[in-house]
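Subject: Structure handover

Hello,

Here is the structure I promised you. Please open it and keep it in view while you read on.

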Amino acid sequence: MDYQKILEDIYKEILPFACEGAQADYIPALAQINPDQFGICLKLVSGEEYSHMQSDTRFSIQSIAKVFALAMGLALKGESLWDKVGKEPSGTAFNSLVQLEFEKGKPRNPFINAGAIVVADILLSELEDAEGEFLSFVRALSGSDDIEYNMSVALSEREKGYLNAAIGNLLKYHGTIKNDIERVLMFYFKMCSVEMSCRELAQAFLAFTNHSTFEYAGYTLSRSRIKRLNAVMQTCGFYDEAGEFSYLVGLPGKSGVGGGIVALCPHRYAVSVWSPRLNSKGNSVLGMKALELLTTYTEESIF
Ligand code: DON
């Protein structure tokens with residue numbers, strides 16, 4: 001299969017939609033990003049790599065970080081992690097408060113903000129240097145030693161993070177999080193502020209394709225656990241658009257409001273695409289279209 005040609009053809013085909021949507025502006029630092037950018041990188045488990053356009057430009061991974069945090073949480077806590085956070089799709093926006101209040105402070109899943117804030121709290125309770133360990137884990141997965149937090153993005157989100165602060169307070173009120181609210185939120189914002197390129201994200205997510213033993217920076221996950229982590233990405237990775245992504249693309253994956261999307265075909269490939277303009281659900285417009293075309297042309301999805 002000529003993956004390189006497929007990626008180039010896809011780019012030409014999605015170009016007419018290049019002005020649809022807008023970059024996230026509720027995080028002031030992200031509003032400054034040039035919205036007219038695009039990159040894609042696909043890595044096969046056999047080692048071949050294909051990319052097009054800005055596949056080496058780093059961007060804010062935002063909610064994609066929630067997958068890394070969950071992987072660490074599962075390695076540390078095993079099934080008991082699910083005592084604090086559910087694994088059902090929410091059908092609500094990633095920052096919704098309504099369900100959390102109704103369900104007495106147990107978030108539906110680890111990929112909505114409330115769930116990821118709970119996972120951040122668990123990592124802080126389990127680890128002496130959660131910030132350092134998180135970076136080491138992401139660096140080991142991606143093979144890039146210079147991946148960093150972007151503190152100006154994290155602080156800019158903190159400054160305007162009223163909804164996440166409300167979520168943090170609700171979680172604390174219900175006793176779901178143990179640590180100081182400010183501490184937990186700042187760690188959560190820092191994880192979201194990590195910057196990576198499509199190439200680095202595709203490399204990192206190859207680890208979740210279950211093609212080899214998962215052992216990175218001292219964190220180990222069994223094949224069965226990776227299977228389950230993929231199941232949560234499939235059902236919850238795109239919030240109230242999880243059904244749509246499943247329908248159009250047919251792969252487990254995760255998006256972020258920085259405009260990145262990572263998806264994977266178990267035992268076959270990982271792919272990352274980035275373009276900052278988002279649709280109304282907070283998912284990259286060109287990213288969604290590119291992945292839909294990728295699984296249509298390659299006929300490689302999980303269905
Ligand atoms: O907490 C937030 O709102 C952001 N740091 C992350 C949200 C996000 O990326 C949702 N993704 N589509």
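First, a term: contact means heavy atoms within 4.5 Å. Note also that this is a predicted model.

Start with F208. Leaving aside neighbours within four places in sequence, F208 is in contact with V67, F68, A71, L141, F214, I226, L229, N230, M233 and L264. F208 also stands out in the largest nonpolar core, which has 82 residues. F68, F134, F205 and F208 touch the most other members there. A second, separate core has 28 residues, including F245, M288, L293 and L294. As background, nonpolar side chains tend to be buried together in soluble globular proteins.

Now look at helix α11, residues 223-236. Helix α11 has 14 residues and reaches 20 Å from its first C-alpha to its last, close to the 20 Å expected. Which residues of α11 are buried? They are I226, L229, N230, V232, M233, Q234 and C236. Among the contacts of F208 are I226, L229, N230 and M233. In general, residues three or four places apart on an α-helix point the same way, because the helix has 3.6 residues a turn.

Last, the cysteines. How many disulfides does a search of the whole structure find? The search finds 0. C236 is in no disulfide, and its nearest cysteine sulfur, that of C192, is 17 Å away. C236 counts as buried because its relative accessibility is 2%, under the 20% cut-off. The sulfur of C265 is 16 Å from the closest cysteine sulfur, in C41, so it is too far for a bond. C265 counts as buried too, at 6% relative accessibility.

Best wishes

Notes: Residues numbered from 1 in each chain as written. Predicted model: local features only at pLDDT ≥ 70, side-chain atom pairs only at ≥ 80, totals over all residues. Heavy atoms only, no water. Core = buried A, V, L, I, M, F, W, Y, C linked by side-chain atoms within 4.5 Å. Buried < 20%, exposed > 50% of the residue type's maximum accessible area, 1.4 Å probe, protein only. Helix = DSSP H or I, 4+ residues; strand = E, 2+ residues; numbered from the N terminus. Expected span 1.5 Å × (residues − 1). Disulfide = S-S within 2.5 Å.
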